[in-house]
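My plan is to look up a few residues first, then the chain as a whole.

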Amino acid sequence: GAHGGDGGDGYDKGVYAGDGGTGYDDFTGPTDMGSGGGGFHANGPGGHGGGAVKITVTGGGTATVSGTITAQGSNGGNYSIARTGGGAGGSVWINFTANGTFAGSGTINVDGGDGGSNAGAYNHFGGGGGGGRIAITGHNSHTFSGTLSYDGGSETGSVSGVVAEDGGGGTYWLKQTGQTGDLYIGGNPKNQQIPARVADTKSVNDIWFESASGLAISSGVTITLASSTLSAGTVTSSIDIDGVLSLPTSFTIPNKISVTTTATGLDTVNTLTIASGGRLALEYIATSSPWTQLSTLTVNGDLTHLANTSTVHNSVNISATTITIGTTGRVIADRWGYPGGAPDSSGSGPGPGTFLDTHGGGGAYGGNGGNGASGQGLGGSLYGTTSTPEYDAGSGGGGAVSTVSGGGGGGIIKLV
């Protein structure tokens with residue numbers, strides 16, 4: 001189930017099965033409950049979502065939490081051969097109408113529930129529930145020293161290195177009187193970058209990530225970052241922009257932050273630096289239409305594009321006045337061209353390697369692909385032009401018999 005964070009996908013006998021839900025609710029004033037996890041036919045329900053708590057403090061008063069406030073999702077179940085999904089965390093909103101003090105040393109918990117698991121003969125695993133949402137707003141004194149928990153629930157097993165997904169972390173919004181407000185993003189037990197999701201246009205001062213976590217900005221939503229602070233946890237966190245992340249005109253993607261965006265996703269930045277350990281991945285930037293927004297680009301981390309399918313729609317295609325690739329910088333498009341063939345299948349692209357009997361041939365682009373052993377699997381034929389190599393990608397290699405896929409072709413980089 002989902003709420004502040006997306007729900008984790010389940011896993012069944014070697015494939016992902018049972019999609020996790022998509023996050024919702026206003027992170028600045030949450031009032032919704034968490035959604036339940038997916039069940040299994042009539043044999044067993046998924047975990048229940050957490051409820052909703054709203055406390056309103058009037059007249060400049062004090063809210064003291066010395067005990068516990070919980071709106072957690074419950075765990076998925078283990079029913080015969082069925083393993084069900086965890087419920088999402090709910091919401092806790094403490095709102096001060098006329099200043100006041102938030103105090104105490106207690107606990108507020110809106111964690112998602114864990115997915116059910118069985119590592120026996122059936123290999124079924126339920127996805128974790130997404131974390132819920134906490135908001136503390138409208139006060140002018142903050143002395144609370146307790147614990148706030150808004151993490152996604154865990155998937156609870158793995159088979160041969162394949163795991164179901166944890167739930168995405170939830171959110172915590174802290175906005176005192178006269179401040180823009182800070183957004184905190186929860187994590188999950190296995191440090192998977194399943195995202196918390198924002199679905200409403202808002203302005204925030206800073207965004208802080210706990211451990212490895214993710215943030216998804218939904219299509220049609222603009223998040224305006226008033227400061228220059230994106231603060232990562234101890235391992236890399238991700239930001240996936242389907243809407244807009246409006247940044248200061250000069251901005252640095254810091255260490256341990258990975259940003260995925262279209263050409264319109266960073267609508268105001270003019271001078272962009274990718275710090276060492278940072279990453280920018282571009283999507284839906286065509287080979288015929290460069291990203292022209294930047295005047296200055298400095299790459300000290302990684303610059304790449306997302307993988308293509310049988311149709312090329314992703315590339316690193318940037319036009320800027322000044323482009324600098326530092327000593328720690330990397331512009332990478334390895335294997336992001338046309339995909340390799342699945343087992344027993346030929347590759348993709350204008351010059352794919354083919355599959356025949358047992359082996360796969362090599363994909364082509366500027367040169368012909370090599371044939372497979374004993375003439376099984378022919379290499380592709382070269383294509384394209386030397387004057388405009390940026391208009392296509394490398395073709396994928398042919399797959400081999402039973403279990404081995406072909407290699408993906410190289411992607412597309414154009415910097416002018």
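**Entry 1: Ser91.** I am working with a predicted model. I began with the neighbours of Ser91. Beyond four places in sequence, Ser91 touches His3, Asp25, Pro30, Thr31, Asp32, Gly51, Ala52, Val53, Ala71, Val110 and Arg133. I then placed Ser91 in the fold: it lies in strand E8, residues 91–96. Is Ser91 buried or exposed? The relative accessible area is 0%, so Ser91 is buried. I also checked its side chain for polar partners. A polar atom there lies 2.9 Å from the backbone oxygen of Asp32. Asp32 is also among the residues that Ser91 touches.

**Entry 2: Thr137.** Next I looked up Thr137. I found it in strand E13, which covers residues 133–137. Which side chain makes a polar contact with that of Thr137? I noted Asn95, at 2.7 Å. Thr137 is in contact with Thr28, Trp93, Ile94, Asn95, Phe96, Trp173 and Lys175.

**Entry 3: Pro45.** I wanted a loop residue as well. Pro45 sits in the loop between strand E2 (15–16) and strand E3 (52–57). I read 49% relative accessibility for Pro45. Exposed needs over 50%, so Pro45 counts as partly exposed. Not counting residues up to four places away in sequence, Pro45 touches Gly39, Gly77, Tyr79 and Thr84. I followed up on Gly77. Pro45 and Gly77 are 32 residues apart along the chain, and their C-alpha atoms are separated by 7.1 Å.

**Entry 4: whole chain.** I stepped back to the totals. How many helices and strands does the protein chain have? I count 0 helices and 37 strands. Of contacts with a separation of 6 or more, 61% are between residues 24 or more positions apart.

I checked the dimensions next. The C-alpha atoms fill a box of roughly 80 × 60 × 30 Å along the principal axes. The radius of gyration is 24 Å. A compact globule of 416 residues would have one near 22 Å, so the value agrees.

Entry 5: The accessible surface comes to about 16,300 Å², and carbon and sulfur atoms hold 47% of it.

Terms used: Residues are numbered from 1 along each chain as its sequence is written. This is a predicted model: local features need pLDDT of at least 70, side-chain atom pairs count only at pLDDT 80 or more; totals for chains, interfaces and linings use all residues. Side-chain values use heavy atoms; hydrogens and water are left out. Helices (H or I, at least four residues) and strands (E, at least two) are DSSP runs, numbered from the N terminus. The radius of gyration is taken over C-alpha atoms; the globule rule is 2.2 Å times the number of residues to the power 0.38. Contact means heavy atoms within 4.5 Å. Accessible areas come from the Shrake-Rupley method with a 1.4 Å probe; for residues, only the protein chains shown count as cover. A polar contact is a pair of N or O atoms within 3.5 Å; within protein, one must be able to donate a hydrogen and the other to accept it, and residues adjacent in sequence count only if both atoms are side-chain atoms. Buried means under 20% relative accessible area, exposed over 50%, partly exposed in between (1.4 Å probe, protein chains only).
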